[in-house]
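Biologist: I would like to learn how to read helix packing and sheet pairing. Can we work through one example?

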Amino acid sequence: MTLKVQAAESRIEQLCIEHGLKMTGQRRVIARVLSEADDHPDVEELYRRALVLDSRISVATVYRTVRLLEEKGILERRDFGGGRARYEATEHGRHHYHLIDVDNGKVIEFEDPEHEALMMKVADRLGFEFVSMRLELFGKKRQPTNKTPGKTTPRARRKGDQA
C-alpha cells in the first residue's frame, strides 16, 4: 500500500522545504505521520505508523529521517524515561511543558505563563537574557481518598506515646 498524494503539505513538510530538504515520498510520509501525531512517538512507533501508509518504508529510513530532522531543528528529542527517545515538532517561540505519568508513560502537555514569567525573572536577576527552557514533571495519578466527613485516620504511634 502506498500513500496517495494529498494536496495540503503537513506542517513538518513545510518546515523541511523551508530548510531546503529534498522531499522524497518516504520523507513526506514520515513528516505527515509526525505532524499528525498527538503524542510523542519513538522511532519504532513512527515506523509502525508510516508502514501503514507506505509498505516500502524501512526502519532505517525512519531513523535517518528523524536524525536529519533533529539536526535541522525541525524535531526535538525528548527523554521521558523508559529508555527510548521520543520526538515532537519544534515549537519555535511557544513554550510548553510535559507531565509524564510514571505508571503508564502517558505524556500530558501544558502551558503555564506564570512559570514562564518567573523563569524570565530568574534569568534576568542572574544577568541572563531568557532564551528557552524545558520543564518535565514526573508524577503518579493520585488515588481517590475515601475519607468520611468527621472521621479521622489513625496516626502511627511514636516511641513514648501512650496506648
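**Helix packing, then the sheet**

Modeller: α2 and α4 are roughly perpendicular to each other. That class covers angles of 65 to 115 degrees. Bear in mind that this is a predicted model.

Biologist: What is the angle at which helix α2 and helix α4 pack, and how far apart are their axes?

Modeller: Two packed helices are described by the angle between their axes and the distance between the axes. Here α2 spans residues 25–36 and α4 spans residues 59–71. The angle is about 70°, and the axes lie 10 Å apart. The crossing of α2 past α4 is right-handed.

Biologist: Which residues of α2 and α4 meet?

Modeller: From α2, take Gln26, Arg27, Ile30 and Leu34. They meet Thr61, Val62, Thr65, Leu68 and Leu69 of α4. Sorted by class, this contact holds five nonpolar, three polar and one charged residues.

Biologist: Now the sheet. In what order do the three strands lie?

Modeller: Strands of a sheet pair through backbone hydrogen bonds, either parallel or antiparallel. In this open sheet the order is β4-β3-β5, with mixed pairing. β4 (107–110) and β5 (136–139) are the edge strands, each pairing on one side only. On average, neighbouring strands are turned by 20° against each other, direction ignored.

Biologist: How many bridges join β3 to β4, and do these strands run parallel or antiparallel?

Modeller: Four bridges join them, and the two strands run antiparallel. β3 covers residues 97–101.

Biologist: Which residue in β4 is the bridge partner of Tyr97?

Modeller: Tyr97 has Phe110 as its bridge partner there.

Definitions and conventions:
Residues are numbered from 1 along each chain as its sequence is written. This is a predicted model: local features need pLDDT of at least 70, side-chain atom pairs count only at pLDDT 80 or more; totals for chains, interfaces and linings use all residues. Side-chain values use heavy atoms; hydrogens and water are left out. Two strands pair if DSSP finds at least two bridges between them. Axes are lines fitted to C-alpha atoms, for helices over the stretch in contact, and angles run from 0 to 180 degrees between N-to-C directions. Angles under 35 degrees count as roughly parallel, over 145 as roughly antiparallel, 65 to 115 as roughly perpendicular and the rest as oblique. A crossing is left-handed if the near helix is turned anticlockwise from the far one by less than a right angle, and right-handed if clockwise. Contact means heavy atoms within 4.5 Å. Ala, Val, Leu, Ile, Met, Phe, Trp, Tyr, Cys and Pro count as nonpolar, Asp, Glu, Lys and Arg as charged, and the others, Gly among them, as polar.
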